Amino acid sequence: MHQNQMNSQRMQQGNIVNNMLKIFMQHRFAIVVRGTLQRHGHNRKWLAEQTGMDYTRLGRLLNGHLPMRLSDIGKVGIVLDIAIPFRPEDFVGDQFTLRR
């Protein structure tokens, strides 16, 4: 196998891993959001109003049907006062812990 083919395969494998990691982190973030809403007695409609996001779009984001943008995560994080994790190990249960 030529060096270019090997590099191409490594890049493809890296992309697959990165995509899986993004999906995992978005899923965990959605779990945290739903748990936080429930604990505070709020619902998605309330969150959509507070963030200025479209209710249907917010639902699709939290159900994993749309990829979350950083701006989406930031708006939700600010309204719900939740820390935004940057590594998979920051997720514990339905909450975030920021390990130092």
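## Helix 3 and its ends

Let's start at one end of a helix. Asp54 caps the N-terminal end of helix 3, with a side-chain oxygen 3.2 Å from the backbone nitrogen of Thr56. This is a predicted model, so treat each distance here as part of a prediction.

Helix 3 covers residues 55–62, and its buried residues are Leu58, Gly59, Leu61 and Leu62. Viewed down the axis of helix 3, these buried residues fall within an arc of 160 degrees, so they line one face of the helix. Just after helix 3 comes Gly64, which has a positive phi of about 80 degrees.

## A loop residue to look at

Now move along to Asp81, in the loop between helix 4 (70–80) and strand 1 (91–92). Phi of Asp81 is near 55 degrees, a positive value in a residue that is not glycine. Is Asp81 buried or exposed? Its relative accessibility is 70%, so Asp81 counts as exposed.

## The whole chain

Stepping back, you can find 4 helices and 2 strands in the chain. Starting from the N terminus, the elements follow the order α-α-α-α-β-β.

Of the chain's 100 residues, 30% count as buried. The accessible surface comes to about 7100 Å², and carbon and sulfur atoms hold 55% of it. Among contacts with a separation of 6 or more, 53% join residues 24 or more positions apart.

## How confident is the prediction?

The chain has a mean pLDDT of 82, with 81% of its residues at 70 or more. Among the elements, helix 2 (residues 44–51) has the highest mean pLDDT, 98, while strand 2 (residues 95–96) has the lowest, 53.

Methods
Residues are numbered from 1 along each chain as its sequence is written. Side-chain values use heavy atoms; hydrogens and water are left out. pLDDT is the predictor's confidence in each residue, from 0 to 100. Buried means under 20% relative accessible area, exposed over 50%, partly exposed in between (1.4 Å probe, protein chains only). The arc is that of the directions from the helix axis to the C-beta atoms. A polar contact is a pair of N or O atoms within 3.5 Å; within protein, one must be able to donate a hydrogen and the other to accept it, and residues adjacent in sequence count only if both atoms are side-chain atoms. Contact means heavy atoms within 4.5 Å. Accessible areas come from the Shrake-Rupley method with a 1.4 Å probe; for residues, only the protein chains shown count as cover.
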